[in-house]
Amino acid sequence: AGEAKTEDSFYPAMRLILPHLDRQRLAYGMKEVLLAKFYIEVLGIARESDDAQKLLKYRAPRTARKEAGDFASVAYYVLKNRCPEKGSLSIDEVNKDLDDLSVCGSKKDREGMKKAMMHLLRNLSAEEQKWLIRILLK
């Protein structure tokens with residue numbers, strides 16, 4: 001019987017599951033404050049609003065409450081009502097955006113980084129973004 005040949009590989013998924021072992025992708029050049037600024041700008045959150053302050057001061061127990069110190073968790077609570085309920089990107093699309101982010105980050109190309117981030121932000125759920133942030137901050 002003719003078996004179909006596939007090009008399936010678990011490698012793209014492993015790059016997302018174990019980002020700290022991915023030696024192929026350059027560092028993203030992003031820290032929590034830069035990510036907070038991207039979220040605020042891309043999502044049009046007023047800089048003085050409570051949500052913006054939670055992102056910018058994610059370490060402060062007064063603004064972030066029990067999630068204080070964990071930027072990904074703070075971002076999740078800010079994003080959960082602003083993101084699609086279900087993400088629409090494939091693993092390959094996420095990896096492509098992450099590759100673009102790392103290349104732009106290495107070139108200090110903030111506009112390119114913003115473009116890649118915007119695509120991710122608009123097409124991932126808040127839960128997916130929480131894990132994306134953990135990948136970006138690896």
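Is phenylalanine 71 buried or exposed? In this predicted model, phenylalanine 71 is buried, with a relative accessible area of 2%. The description below begins with the surroundings of this residue and then turns to other local features.

Leucine 35, located in helix H2 (residues 32-43), is among the residues in contact with phenylalanine 71. The relative accessible area of leucine 35 is 0%, so this residue is classed as buried. Beyond its neighbours up to four places away in sequence, leucine 35 touches Met30, Phe71, Met117, Ile133, Leu136 and Leu137. A separation of 9.5 Å was computed between the C-alpha atoms of leucine 35 and alanine 75, which are 40 residues apart along the chain.

Two aromatic pairs were identified in the model. In one of them, the ring centres of tyrosine 58 and phenylalanine 71 are 5.3 Å apart; because the ring planes meet at 85 degrees, where over 60 counts as edge-to-face, the pair falls into that class. This pair links distant parts of the chain, its members being 13 residues apart. Tyrosine 58 is placed in the loop between helix H3 (50-56) and helix H4 (61-64), whereas phenylalanine 71 belongs to helix H5 (residues 71-79). Tyrosine 58 has a relative accessibility of 4% and therefore counts as buried, and phenylalanine 71, at 2%, is buried as well.

The rings of tyrosine 76 and tyrosine 77 form another pair, with centres 5.2 Å apart and planes at 80 degrees, so that this arrangement is also edge-to-face. Tyrosine 76 is partly exposed, with a relative accessibility of 22%. Tyrosine 77 is likewise partly exposed, its relative accessible area being 39%.

Charged side chains were also found over aromatic rings. Lysine 130 lies over the face of tyrosine 76, at a distance of 5.2 Å from the ring centre; tyrosine 76 thus takes part both in this arrangement and in the pair with tyrosine 77.

Most residues other than glycine have a negative phi. Lysine 108, although not a glycine, has a positive phi of about 60 degrees. This residue is situated in the loop between helix H6 (91-106) and helix H7 (110-123). With a relative accessible area of 70%, lysine 108 is exposed, in contrast to leucine 35, which is buried at 0%.

Key: Residues numbered from 1 in each chain as written. Heavy atoms only, no water. Helix = DSSP H or I, 4+ residues; strand = E, 2+ residues; numbered from the N terminus. Buried < 20%, exposed > 50% of the residue type's maximum accessible area, 1.4 Å probe, protein only. Contact = heavy atoms within 4.5 Å. Phe/Tyr/Trp six-rings, centres within 6.5 Å; stacked < 30°, edge-to-face > 60°. Lys NZ or Arg CZ within 6 Å of the ring centre and 35° of its normal.
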